[in-house]
Amino acid sequence: MKRKPRIPNRTRLTPAAVEAYRAGNRLELHRALNLPPWQASPLDAVGACPWPPSSAGGRTWAKALELREALTCAG
């Protein structure tokens with residue numbers, strides 16, 4: 001049997017998240033995706049990571065890239 005993660009995936013692509021992404025509203029996008037304050041925004045996730053790998057931005061950059069791609073495809 002496959003184990004379930006202890007923490008469920010709280011990031012859900014909702015219509016509100018897609019709308020906030022289209023509008024470029026960083027605060028509403030973070031709220032709609034239920035992102036922690038230290039997570040890099042999908043709005044900024046373009047190209048290479050500008051932060052050091054050990055920083056909060058560096059550790060969350062890959063997730064921000066994934067969310068940007070999903071939001072772009074959903075919109």
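Student: Where is the place of asparagine 34?

Tutor: Asparagine 34 sits in the loop between α2 and α3. This is a predicted model, in which local features need pLDDT of at least 70, side-chain atom pairs count only at pLDDT 80 or more, and totals for chains, interfaces and linings use all residues. Residues are numbered from 1 along each chain as its sequence is written, and side-chain values use heavy atoms, with hydrogens and water left out.

Student: What is the phi of asparagine 34?

Tutor: Its phi is near 60 degrees, a positive value in a residue other than glycine. Most residues other than glycine have a negative phi.

Student: How accessible is asparagine 34?

Tutor: Asparagine 34 is partly exposed, at a relative accessible area of 46%. Buried means under 20% relative accessible area, exposed over 50%, and partly exposed in between, with a 1.4 Å probe and protein chains only.

Student: Stepping back, how many helices and strands are there in the chain?

Tutor: The chain has 3 helices and 0 strands, and the order from the N terminus is α-α-α. Helices (H or I, at least four residues) and strands (E, at least two) are DSSP runs, numbered from the N terminus. Of the 75 residues in the chain, 28% are buried.

Student: Which residues of α2 are buried?

Tutor: In α2, which spans residues 26-33, the buried ones are Leu29, His30 and Leu33. Seen down the axis of α2, they fall within an arc of 100 degrees, so they line one face of the helix. That arc is taken from the directions from the helix axis to the C-beta atoms. An α-helix has 3.6 residues a turn, so residues three or four places apart point the same way.

Student: And what covers the buried residues of α2?

Tutor: The cover includes α1 (15-23) and α3 (56-74). Contact here means heavy atoms within 4.5 Å.

Student: Which residue caps the N-terminal end of α2?

Tutor: Asparagine 25 does, with a side-chain oxygen 3.3 Å from the backbone nitrogen of leucine 27.

Student: On to another topic: is glycine 75 buried or exposed?

Tutor: Glycine 75, in the segment after α3, is exposed, with a relative accessible area of 54%.

Student: Which residues is glycine 75 in contact with, leaving aside its neighbours within four places in sequence?

Tutor: Those residues are Val18 and Arg22.

Methods. Polar contact = N/O pair within 3.5 Å; in protein donor to acceptor, adjacent residues only side chain to side chain.
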